[in-house]
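Me: Hey, I've just opened this one and I'm new to it. Can we walk through it together?

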Amino acid sequence: MNEINLINNEPARKSRILLVDDEPGLRTAVKTFLEDEGFEIFIAVDGEDGWEKAQTVFPDLIISDVMMPRANGYALLEKIREDEKLGGTPVIFLTAKGMTLDRTEGYLAGVDDYISKPFDPDELAARVKNVINRQERLLKEAARFADIDVSKMAKQITEIKSMLTDQNQTNPEKINLPSFTPREASVLQLVAEGLMNKEIARQLETSIRNVEKYVSRLFIKTGTSSRTELVRYALENHLVK
């Protein structure tokens with residue numbers, strides 16, 4: 001699986017995967033298998049090592065064990081999700097636990113997929129490719145809107161706000177709303193104000209690619225697939241001003 005840099009039009013490169021696990025045998029086996037599948041693999045031996053490596057590698061995907069010394073998978077995931085540069089990175093958990101409660105805890109913490117040990121290598125490869133392909137589709141969708149006419153987007157937002165103001169909301173439907181990190185909430189607010197990715201990046205003092213990752217994660221969390229749908233969702237559920 002090759003990744004294309006959508007911003008700088010750089011040549012395609014292998015997708016980078018950071019593998020975090022304290023079992024040497026499993027690390028070696030998974031590394032060898034995924035390298036044969038065309039990925040570039042980086043290794044970390046526990047959560048703390050994984051956090052340090054992630055900040056230098058900037059992987060396209062992190063595969064992490066849950067139970068590890070020093071810092072477990074949940075501690076690593078929490079740091080990843082709260083970090084400005086790494087917050088949108090997909091994470092897959094590998095764990096010996098297979099109970100529904102453990103899986104639910106992982107999904108609520110923001111993990112993208114969850115595979116119980118022992119696992120079939122072909123299934124792991126398929127899930128890895130699925131997560132990376134999904135992330136690439138969302139990045140392309142976000143990039144497609146990067147250069148959209150600002151006035152057109154602003155007009156759409158105005159129309160949505162007007163429509164919602166005129167609606168009868170005496171019996172609003174109660175739903176379970178997703179939780180957002182502070183940075184995700186900031187990006188959502190700026191998208192709702194009609195700002196494009198380059199403008200959001202300027203205001204938040206970050207890169208356009210980071211903004212694209214946050215927008216992609218907002219799409220996933222809200223079940224939307226475009227900025228207009230995202231803004232409508234946010235306004236309908238009073239997630240933005």
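Me: Let's start with strand β7. Which way do its residues point, and are they buried or exposed?
Reply: This is a predicted model, so take everything here as computed from that. In β7, which covers residues 113–116, D113 and I115 point one way. Y114 and S116 point the other way, and all of them are buried.

Me: Which strand does β7 pair with, and in what sense?
Reply: β7 pairs with strand β6, residues 91–95, in the parallel sense. Four bridges hold that pairing.

Me: What is the bridge partner of I92 in β7?
Reply: That's D113, one of the buried residues in β7.

Me: OK, zooming out. What's the strand order in the sheet?
Reply: The order is β4-β3-β5-β6-β7, five strands in an open sheet with parallel pairing. The edge strands are β4 (40–44) and β7, and each pairs on one side only. From one strand to the next, the twist averages 20°.

Me: Remind me, what do strands of a sheet pair through?
Reply: Backbone hydrogen bonds, and the pairing can be parallel or antiparallel.

Me: And how many bridges join β3 to β5?
Reply: Four, between β3 (residues 16–20) and β5 (residues 61–65), and these two run parallel.

Me: Which strands does helix α1 lie across?
Reply: Helix α1, residues 24–36, lies across β3, β4, β5 and β6. Against β4, the helix runs at about 165°.

Me: Switching to helices. At what angle do α7 and α9 cross?
Reply: Roughly 90°, with their axes coming within 10 Å. α7 is residues 182–192 and α9 is residues 208–222. The two helices are therefore roughly perpendicular to each other.

Me: Which residues meet there?
Reply: From α7 you have R183, E184, V187, L188 and V191. They meet Y214, V215, R217, L218 and K221 in α9.

Me: And how does that contact split by class?
Reply: Six nonpolar residues, four charged and no polar ones.

Me: Last one: T56. Where is it found?
Reply: T56 is in helix α2, which spans residues 47–57.

Me: Why does T56 count as exposed?
Reply: Because its relative accessible area is 60%, and exposed means over 50%.

Me: What does the side chain of T56 reach?
Reply: The backbone oxygen of K53, at 2.9 Å.

Note on methods: Residues are numbered from 1 along each chain as its sequence is written. This is a predicted model: local features need pLDDT of at least 70, side-chain atom pairs count only at pLDDT 80 or more; totals for chains, interfaces and linings use all residues. Side-chain values use heavy atoms; hydrogens and water are left out. Axes are lines fitted to C-alpha atoms, for helices over the stretch in contact, and angles run from 0 to 180 degrees between N-to-C directions. Angles under 35 degrees count as roughly parallel, over 145 as roughly antiparallel, 65 to 115 as roughly perpendicular and the rest as oblique. Contact means heavy atoms within 4.5 Å. Ala, Val, Leu, Ile, Met, Phe, Trp, Tyr, Cys and Pro count as nonpolar, Asp, Glu, Lys and Arg as charged, and the others, Gly among them, as polar. Buried means under 20% relative accessible area, exposed over 50%, partly exposed in between (1.4 Å probe, protein chains only). A polar contact is a pair of N or O atoms within 3.5 Å; within protein, one must be able to donate a hydrogen and the other to accept it, and residues adjacent in sequence count only if both atoms are side-chain atoms. Two strands pair if DSSP finds at least two bridges between them.
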